[in-house]
Amino acid sequence: MIYFDNAATSWPKPPGVAEAMTRFLAEIGANPGRAAHRRAIESGRVLYEAREAVCELFNAPDPLRVVFGLNVTDALNLALRGLLRPGDHVITSSMEHNSVMRPLRALESGGVEVTVVRCSPEGLLDPADVEAAVRPHTKMVVLNHASNVVGTLLPVGEVGALCRARGLLLLVDAAQTGGAYPIDVQADQIDLLAFTGHKSLGGPMGTGGLIVGERVNEKEIEPLRRGGTGSRSEYEQQPDFLPDLCESGTPNVVGLAGLEAGVRWVLKQGVEAVRAHEVALTQRLIDGLRAIPGLTVYGTLDAERQTATVSFNIAGMEPSEAGLRLDDEYGIMCRVGLHCAPAAHRTIGTFPDGTVRFGLGVFNTMDEVEMALDAVAELAEGAR
Ligand SMILES: Cc1ncc(COP(=O)(O)O)c(C=O)c1O
């Protein structure tokens, strides 16, 4: 069995993740910040340590400016719906996931102006095109750090510098890169970093968050929901400070205990080491797929310019059939279709059928890549 669906969610999880979650449930279990007893304090400590781990990984200065939520979709909705107002202009790319596109389209119908900068068919974004799209009322640029369809990395550092020079906010969707590619919110001048816990950070589903940089005035953020925070309980108004402003209701501390263990595991390996392993696997996969007659491989075809996600199509076979047969006949689990990113598929020319996507992860091996290449070669031969 070969798990090549890490771009959707990573599996297996690093050692220590399940144990941290079990320990929380069995030995702590209390509501953080809601009481003064020892277990509530311990629970609050687990929550705070998860914030610290995330800050260490992304070089963010203030754990209290990490807002936890369900996933990156939650974080992106908070940043977009929380900060953009009618009359504002926002710039994005044509490689975005629907977790950016759908909130933006909804905001657009409410009076926010949206410009989608076109990327190349390889998924590359030219920062000059972003610069050319800036208007006097532009407030924000939102980009994924890497495409979930072809893995192509977008130049967030260059766009970050541009945003600083123009007084704009940069929001980055790091769903595909967090834990797999170095991210430094200060060096890359990222004002808002949205991350998801269940991919390369090694955590469980139901975890993610938004790092809110110092250039964002929290007083301007409209939270997605309001309610109990355990703080300022004498007031019926929502607290106006982070993270409480945006974290109402009991948090997923069991999940965040797992997220912290996943992030600590990544930190122990070193993101550079994770990246080097994935680059080696990815380049072999790309080269091997390109050598198979009848295959089209999308993206830059250069592992250094992308994550470990590779999309391809087999001539004469629908992606859906290829996916089913890879699973049934070869035990290879991958994802086919549009990957919640129709704009990206339009950009690379694969809309509406989509592609077969192999999402490799840190626990995959070169042997698995070779086995998968043999399997795809057999399928392609049969389709010819
Ligand atoms: C680039 C990108 N953005 C957003 C998401 C949404 O992630 P989640 O479902 O964890 O919110 C994904 C996940 O597939 C993604 O790859």
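Is cysteine 334 buried or exposed? In this predicted model, in which residues are numbered from 1 along each chain as its sequence is written, local features need a pLDDT of at least 70, side-chain atom pairs count only at pLDDT 80 or more, and totals for chains, interfaces and linings use all residues. Side-chain values use heavy atoms, with hydrogens and water left out. Cysteine 334 is buried, with a relative accessible area of 18%, where buried means under 20%, exposed over 50% and partly exposed in between (1.4 Å probe, protein chains only). Cysteine 340, by contrast, is partly exposed, at 38%.

The protein averages a pLDDT of 98, and 100% of the residues score at least 70, pLDDT being the predictor's confidence in each residue, from 0 to 100.

The count of disulfides (pairs of cysteine sulfur atoms within 2.5 Å) comes to zero. The sulfur of cysteine 334 is too far for a bond from the closest cysteine sulfur, that of cysteine 340, because 15 Å lies between them.

Helix H3 covers residues 72-83, helices (H or I, at least four residues) and strands (E, at least two) being DSSP runs numbered from the N terminus. Because 10 of its 12 residues are buried, H3 is largely enclosed by the rest of the structure; among the buried residues are Val72, Asp74 and Leu83. Their cover, judged by contact (heavy atoms within 4.5 Å), includes strand E2 (66-69) and helix H4 (98-109).

Conventions
Expected span 1.5 Å × (residues − 1).
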